[in-house]
Amino acid sequence: MTSWNYPGSRWWKFDFHTHTPASADTYWAKNRADLSPENWLLGYMACGIDCVAVTDHNSGTWIDALKAAYGRMESARPQGFRELTIFPGLEISANAGVHVLAIFDPGRTTADIDTLLGAVGYQGSKGDSDGVTSKGVAEVILAIIDAGGIPVPAHADGAKGLLQCRPDSTGPALDAHTLRQALEVEGLLAVEWCDPRQPWPQCAERHRSSLAAVLGSDCHSFQGSKVPGSTFTWVKMAAPTLEGLRLALLDGNGVSVRRSDEGAFDPFRVPAHLIRAIEIDQAHYMGNGQPARLDLSPFFNAIVGGRGTGKSTVVHALRLATARADELHRLADDAEPRRRFADFCKVAKGRDGEGALRENTEIRIEWRHDGGDSRLVWRQGGGVEAQEADGRGAWQTSTSQHNLGARFPLRLFSQGQIAAMAGSGRQALLALIDEAAGVAPLQEALQEARRTFLAQRARLRELDGKLAQRPELQRQLDDALRKLGAFDQSDHAAVLKAYAQGQRQQREVQGTLDELTEWPARIRQLAEALLLDDWPAQAFADRDAEVLAWRSDTDRLGEETRTTLQALAAQMERRVQTLGQDPRLAAWRARAQQAVAAHAQLQTRLAAQGVSDPQAFAQLTQQRQTLEQRLKALAQIQTDRDALVGQIAQQQTLLLQRRQAVTERRAEFVENTLRDNAFVRIGVAPFGFDAREIGRQLRELLDVQDERFPEDILSAENGEPAGGLAFVLARAQGTPDAVTQVKGRLTGDASGFGGHFRNYLQRKRDKPEFADHVLAWFPEDDLRIEYRRDGTWHPIHQGSQGQRSAALLAFLLAFGDEPLVLDQPEDDLDNHLIYDLIVRQIRDNKLRRQLIVVTHNPNVVVNGDADLVHVMEFGAGQCFIQQSGALQEKAVREEVCRVMEGGREAFSRRWKRLGREN
C-alpha cells in the first residue's frame, strides 16, 4: 500500500472487477497457462493497486488460494511485494443475463461464495459466465446484501449490464419493470460504469445521483488494454474494510469516490504547511501524568466533546504556542475572546486556582512544511522556541528564532473573534487582509516615506534655526562697512584699500591652491572605489565559459581605468606643484607684499600721530571678512532650504501615493477573493467612513485619550455623529483633499475651534514635531461589509449576530492555504447556514489546506466529511482524548452520536441508508 504516515481517512486505489484463471473465459483458462496465485497478486502489486475485489464468474475457487499466497508473501516479502487487501467476491450471472458483482469483507472465504451461489439458485458450471441464476436480478442484489456483501451491477452501461440502453436510444435494453425493481432495492449503492459518455436509461435517470459510479479493470489477461491498473477507482476509507467501502459508496462520487478516468488526481498531495501534532504537557487540567497528544490529518480534523472537555484548551494552546495572541489584542479591550484567552493564560495557584497553566506547562506543536519537520515549543516564562528535526528522531534548537509567524503560518479564529471582527473589530480584520494580501512591503514603503518626510522636516527646522541669525549678521556687516568707509575717505584710503584688497586676494588664491592640492587625492579615492563585486563561486560552472570570459573583460576595464586615474593623479600633483611656483604668481605675491608693507608703515604713522586704536582698520577688515564668510555660508543654507522645501512637497505627494497603494492592494485582494461569492461582499473605504473610528484615530494622533473636546473632534446628536473633524472626514468619503484640509486646521489657523481646544493645540504646537506627525498622518482604511439575504445585499450591521458571523466566515474561508483553525464557527448560525456555508466551504477548503475545527454541531463533522475526529472527555480532574479515528470507524461514530446532540440525524443525512446500525 502507498506509504501514508497520517491518521484518519485516506485514499485507496481499488479495482472493483478482476478475474483469475478460475473464470473460464480468461486467457489463462483458455490457454491452460500456468499462473500462480503469487504471480497474479504481484501483477496487481506492480501497478500500485491497494484493494482488489476478486470477482470470477460464478466462482470463488481462487479466493482461499490467493489469501494463502498473500500470507506467505507477507512473511517472505519477495521482490515486488507491497501491501494489498483482497476483497473476496464474484460476478454473478443473474436471470435475464445481467451480471452483478458481489463484494465481501476481506475475512470471507471460498465457502461464503459457494453459500451465496446456492442462495441465488445458480446451477451452472463454476467459472462459466453463460449459466444464470434462477432468481431475478433484484433478488440477486437483495441476496448479496442479506449475505453481508455489497452488490455492484457489472459493466452496467455495456453488454449484459443492468443499465444498457437500446442502440441510438435512451430506452433500457432490459425490461423497464425488472430494471426499476433492481434499482429500488434498499442497499444498492453503486454500479460499475465503464464509459461516462454512455447515457442512462431515461426511466432510471432519477436513481443516477444516488448511485456511485465505480470502475474496475475487468482483467481477463495481463496483456492488452484491460490489465491491472488500466482502470480503477480511488476510494476514501479509514482502513480497507467492507464497512469503510460501504460508507464511501454511500458518499458517492465527488466525496469519497473518484474514478481513474476523471483526470489527474494526486490523493497523497498534502498542503505545503501542516500541523502534524499538538502536545500539551503539565497544564492545569490536561497533560498531567503524560502529555495529551493529538495527531492530525493533513486535511479536515474535527475536535468534539461536551462542554468542559478541553476543546478550547487545545485552541488556546495553539494560539499561545504559535504567538497569535496579537490577533486578539487588535480587538476591543473588553472583547470576550480577549478575556477568555487572558483567563487561560493565568498560572493556577493551587489545585483550585484560576488559570489553565502551571509553572512547568509546555506546549509543543509539530509542524511539517515543504517536506521538512519542525516544531514550536512554548514554555511558561520562556516564550516560544523553534526547533528542527535532526533526522534521527531528536529535536534541535533552530539556528534562527526570527520571523516565526512567516515560517509557521496559521489562521486561527474563534466564533467570538469572528463576531467581533464583523462588528466593531474591523481593524483586526483589516490587519488579517493585509497579511493575506501581502501588504507588508507596501506598508514598509509607506513607513520609509514617512521616516524620510519626518527627517526632512527636522532638517528644515535645523536650517531655519541657522538662518535665524542672518539679519543680525547682516546688521553687523553693514556697521563694519560703514566704519571702513570712514577710512576710505581719509588720505590713507588708497593704502588701506590696497591692503584690504591684497588680503582678500591672498585668501582667494590660497583657497584655489588648497582645492587644487586636494584633487589628486580625490582622484585616487575614485580609482580605489571603482571595484566590481565578485561573483559567488557557486553561481557559475565550467559550461558558462563565455560569460566568465566577459567578466574577465569587465575586470580588465576596471583595472585599466584605475591605472589611468592613478597616473592622472600623479600628473596633476606635479602640475599643481608647478603652478604653485609660477612666475606670475610670484609677481602677484610681490605686489601683495608691498601693500602689506605700506599698510604697516601707515599703522606706524597713525600710532605716531596719536591714533588711539591703530589696529581698528585691521580688526574691522577681519570682522568684515568673517561676516562675509558667514553670510556666504548662510546664503548656501538658504539655497539648500529652498530646495528642501520642494523636496518636502514632493515627499508629501509620495506619502499620499504610497498610502493609496496600500488601499489599492487591499481592494484588489478583497475583490479577487470574493468574486462571485454568494454570501458576503466587502469594499475597502479609503481613509474610513465610520466617524467614531476616525475620531478614535484622531484622539490617538492628538494624544487626547479621554472624551474631551467633543465639539471639535466628534460631536453627536441622538447618539449619532453630527460634527467635528472626524465627522468632516467621514462625510468626505475618503477624499484626500478633505484630509489635507483637516491637517491644515490642526497645524495652522485654529480660529474655528473652541477656546479650550485652541489652547490645547497651541501647547502641542510648542513641540515642533507635532506638526510633522500631523502632516504625515492619514486615517486608516475601513471595510464596508454586506451580506446577502433573500437575494438582496444589506449592510452587515443590519443583520443578526448569526448573519454577521456567517458573512465574515464566508470571507475567511475564501482564501489562503495555510492551516486554518476554527473554534465553534457554527455558534449563532441556524442549521441552514451551517450546511450551506460552513459544510460546503469546509469541503472546498480541505482540498487546499489543513483544517482543525472545534465544533458542537454534528453536521460540521459528518457532512463536512471530517478525515479525522478527536473526541474529548473529562474525568478524574483531567481532560483527555476519549477516541480518535475516522468517521468510517464504528467506535468513532458511536462517540460522535454520544457527545453531539443530533449526531444520528447528521449521519442519517449523509448516509441515509446506514440502516441497520441505527
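**Helix packing and pockets**

Tutor: Bear in mind that this is a predicted model.

Student: Which residues are buried in helix 24?

Tutor: Helix 24 spans residues 755-765, and Phe757, Tyr760, Leu761 and Lys764 are buried there.

Student: Why do they end up on the same side of helix 24?

Tutor: Because they cover an arc of only 100° around the axis, they sit on the same side of helix 24. In general, an α-helix has 3.6 residues a turn, so residues three or four places apart point the same way.

Student: Switching to pockets. How much space lies in the largest pocket?

Tutor: About 810 Å³. Its lining consists of 32 residues, with Ser312, His316, Arg340, Asp823 and Gln824 nearest the centre. Helix 8 (311-321), helix 10 (336-344) and helix 12 (415-422) are the elements that give two or more residues to that lining.

Student: What's the lining of the largest pocket by class?

Tutor: Eleven nonpolar, twelve polar and nine charged residues.

Student: And the second largest pocket, what lies nearest its centre?

Tutor: Trp11, Val255, Phe265, Lys846 and Leu847, out of 23 lining residues. The space in the second largest pocket is about 530 Å³. Strand 1 (10-18) and strand 9 (257-259) each supply at least two residues of its lining.

Student: How many charged residues are in that lining?

Tutor: Twelve charged, alongside nine nonpolar and two polar residues in the lining of the second largest pocket.

Definitions and conventions. Residues numbered from 1 in each chain as written. Predicted model: local features only at pLDDT ≥ 70, side-chain atom pairs only at ≥ 80, totals over all residues. Heavy atoms only, no water. 1 Å grid on protein atoms, 1.4 Å probe; cavity = no way out; pocket = protein on both sides within 12 Å on 5 of 7 lines; lining within 4 Å. Points joined across faces, edges and corners; volume = space filled by probe spheres on them. Helix = DSSP H or I, 4+ residues; strand = E, 2+ residues; numbered from the N terminus. Nonpolar A, V, L, I, M, F, W, Y, C, P; charged D, E, K, R; others polar. Buried < 20%, exposed > 50% of the residue type's maximum accessible area, 1.4 Å probe, protein only. Arc of directions from axis to C-beta.
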